Amino acid sequence: MRARQPDATGFARRGDVSLHWEAFGAGEPVIALLPTWSIIPSRFWKLQVATLARRHRVVTFDGRGAGLSSRPVGPDAYTHEEFAADVEAVLDATGTERAVLVGLSAGAMWGLQFAADHPQRTQGLVVIGPSVELAPQHGERAVYEFDEPLDTTDGWAKYNSYYWRRNYRDFAEFFFAQMFSEWHSTKQIEDCVGWALETTPEVLIDTARARHAGTDDVRALCARVTAPVLVIHGDKDRIKPHSAGAALAELVHGELVTIAGGGHGPQSRDPIVVNRLIEEFVDQLQTPQPRRRTWVRAARRPKRALYVSSPIGLGHALRDASIADELRKLHPDLHIDWLAQHPVTKV
């Protein structure tokens, strides 16, 4: 079941490649939610579509290699330039002259490439957990070769073409557990593993080889981006370090919002915050003011409790106060709000 069904669907075609798109709602500016790595289809935006479509026309599409879109063969079919050209094809197919682009992880590169090549069609760019080579990779990821047989399958050694062909599901389960590192992420992990099994290891091997063979100068690309940019990045991101997002924000003179305690998929784990940030960014496009902000996830905030205490009788009020004292002994930083009235408030 989906929170909102598309108002229109179709396919954009570039040569032999078909790209399945969906459009929701109405209103300017249009928000284009870009594909990410081809391991998952556009359904990963499911917690954004219904909210954003209340005020805007929202366009999504399955990236090549995923969902209902084509699965071309060979690394050359999965370069940043190809994905950026797909964005143009989908905007043309949906009759969208200009849009605010939103990209997650690898989708940040597609968005940067499109914004640099088509400034007149880019009203703004939001990137979440950008997978850009602007900071050293996490140490544990930099140890293993992708296209050589390994004598271990522990941890990031699973990010290996030989292992993908042997046990692709195990890699998917590992990868999405890293992506959603926050507590209580079972649903998000299950969703993404299920979607990942809809594509093939061979497709992902082509995408990985395309990225490894690339000689992209991200700094030069950023220098050509003139649209306002918002970067959202979790400081506990196990896929791409927060320092990469911070460096990107500096290069494009954009705003950086740090999600304290956040992982690589805040659009799924903290959707209300992400949706509000996107809407706020869109609303302020006319007067962009670069800022640096931090949003702290609930699990990282000081402990708070709401105590509801009945006004009937006073014996229980003394008991409640004693319980509150004991709670503070266990958690000295606990802040207690009381919902009570006279005479309990006097006690």
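A salt bridge here is a side-chain nitrogen of Lys or Arg within 4 Å of a carboxyl oxygen of Asp or Glu. These legends describe a predicted model, in which local features need pLDDT of at least 70 and side-chain atom pairs count only at pLDDT 80 or more, while totals for chains, interfaces and linings use all residues. Residues are numbered from 1 along each chain as its sequence is written, and side-chain values use heavy atoms, with hydrogens and water left out.

**View 1. Glutamate 326 and lysine 329 meet in a salt bridge.** Their N to O distance is 3.1 Å. Both sit in helix 11 (residues 315-330), and being 3 residues apart they are separated by about one helical turn. Helices (H or I, at least four residues) and strands (E, at least two) are DSSP runs, numbered from the N terminus. Lysine 329 is exposed at 61% relative accessibility, while glutamate 326 comes out as partly exposed at 44%. For these labels, buried means under 20% relative accessible area, exposed over 50%, and partly exposed in between (1.4 Å probe, protein chains only).

**View 2. Aspartate 117 and arginine 224 link distant parts of the chain.** The salt bridge between their side chains has an N to O distance of 3.2 Å. Aspartate 117 belongs to helix 3 (residues 107-117), and arginine 224 sits 107 residues away in the loop between helix 7 (218-223) and strand 7 (229-234). Aspartate 117 is partly exposed at 37%, and arginine 224 is partly exposed at 41%.

**View 3. Arginine 209 forms a salt bridge with aspartate 147.** The closest N and O atoms are 2.9 Å apart. Here helix 6 (residues 201-213) supplies arginine 209, and the loop between strand 6 (122-128) and helix 4 supplies aspartate 147, 62 residues apart. The structure holds 20 salt bridges; elsewhere, Arg14, Arg64, Glu82 and Asp86 are linked in a network of them.

**View 4. Strand 2 (residues 17-24) is buried along its run, with 8 of its 8 residues covered.** Val17, Leu19, Trp21 and Ala23 are buried on one side, and Ser18, His20, Glu22 and Phe24 on the other. Strand 1 (residues 8-14) pairs with strand 2 in the antiparallel sense over 7 bridges, with phenylalanine 11 opposite histidine 20. (Two strands pair if DSSP finds at least two bridges between them.) The two form a hairpin with 2 residues between them, and glycine 15 in the turn has a positive phi of about 60 degrees. Strand 4 (residues 58-61) also pairs with strand 2, antiparallel over 4 bridges, putting valine 59 opposite alanine 23.

**View 5. Trp37 is among the residues that touch the most other members of the largest nonpolar core.** That core has 94 residues, and helix 4 (residues 161-179) gives the largest share, 8 of them. A nonpolar core is a set of buried Ala, Val, Leu, Ile, Met, Phe, Trp, Tyr and Cys residues joined through side-chain atoms within 4.5 Å. Leaving aside neighbours within four places in sequence, tryptophan 37 is in contact (heavy atoms within 4.5 Å) with Ala106, Tyr159, Trp164, Phe171, Phe175, Leu204 and Thr207.

**View 6. Valine 296 lies in strand 9 (residues 292-296).** It is partly exposed, with a relative accessible area of 31%. Beyond neighbours within four places in sequence, valine 296 is in contact with Ala260 and Arg301.
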